[in-house]
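Let's take a walk through a protein model together. Have the picture ready and follow along, one residue at a time.

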Amino acid sequence: MWRKLLKLRDLAKGFIIVEVRNGENTSFWYDVWSRFGNLKNILGDRGLIEFGIGDNATVADALVNHSRRRHRVRILN
């Protein structure tokens with residue numbers, strides 16, 4: 001039974017979304033809080049470099065410490 005449940009893990013991920021609230025408990029890179037889904041999976045390690053936001057940053061950290069800049073890649077803007 002557990003193996004069947006584990007096989008459905010990827011399907012279940014599509015239904016999980018995080019309510020951000022103040023952003024202090026929401027991971028910027030790993031939680032599904034944006035319409036793009038898990039940002040780490042979409043942007044990879046290059047996204048960390050392009051944004052300048054640390055791997056363990058929360059959404060609140062990103063909003064307070066991040067300066068806005070234009071990126072060459074459209075999805076990053």
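This is a predicted model: local features need pLDDT of at least 70, side-chain atom pairs count only at pLDDT 80 or more; totals for chains, interfaces and linings use all residues.

Residues are numbered from 1 along each chain as its sequence is written, and side-chain values use heavy atoms, with hydrogens and water left out.

Helices are DSSP runs (H or I, at least four residues), numbered from the N terminus. In soluble globular proteins, nonpolar side chains tend to be buried together.

Leaving aside neighbours within four places in sequence, Val59 is in contact (heavy atoms within 4.5 Å) with Val20, Gly23, Thr26, Ser27, Phe28 and Trp33.

Next, look at the rings. The structure holds 4 aromatic pairs. Rings of Phe, Tyr and Trp (its six-membered ring) pair if their centres lie within 6.5 Å; planes under 30 degrees apart count as stacked, over 60 as edge-to-face and the rest as tilted. The rings of Phe28 and Phe51 have centres 6.2 Å apart and planes at 80°, so this pair is edge-to-face. Phe28 sits in the loop between H2 and H3, while Phe51 is in helix H3, 23 residues apart, so to speak a link between distant parts of the chain. Phe51 is buried too, with a relative accessible area of 14%. Trp29 and Phe51 make a tilted pair, because their ring centres are 5.9 Å apart and their planes meet at 55°. Ring pairs link Phe28, Trp29, Trp33 and Phe51 into a cluster.

What about charges? There are 4 salt bridges, each one a side-chain nitrogen of Lys or Arg within 4 Å of a carboxyl oxygen of Asp or Glu. Lys40 and Asp55 form one of them, at 3.8 Å from N to O. Lys40 lies in helix H3 and Asp55 in the loop between H3 and H4, so the pair ties together parts that are 15 residues apart in sequence. Lys40 is buried at 15% relative accessible area, whereas Asp55 is partly exposed at 37%. Glu50 and Arg46 meet in a salt bridge at 3.0 Å, and both lie in helix H3, 4 residues apart, about one turn of the helix. Salt bridges that share partners also join Lys40, Asp45 and Asp55 into one network. In another salt bridge, Glu19 pairs with Arg21 at 3.3 Å; Glu19 is exposed at 58%, and so is Arg21 at 72%.

Leu8 lies in the loop between helix H1 (2-7) and helix H2 (9-13), and is partly exposed at 46%.

How values were computed
Helices (H or I, at least four residues) and strands (E, at least two) are DSSP runs, numbered from the N terminus. Buried means under 20% relative accessible area, exposed over 50%, partly exposed in between (1.4 Å probe, protein chains only).
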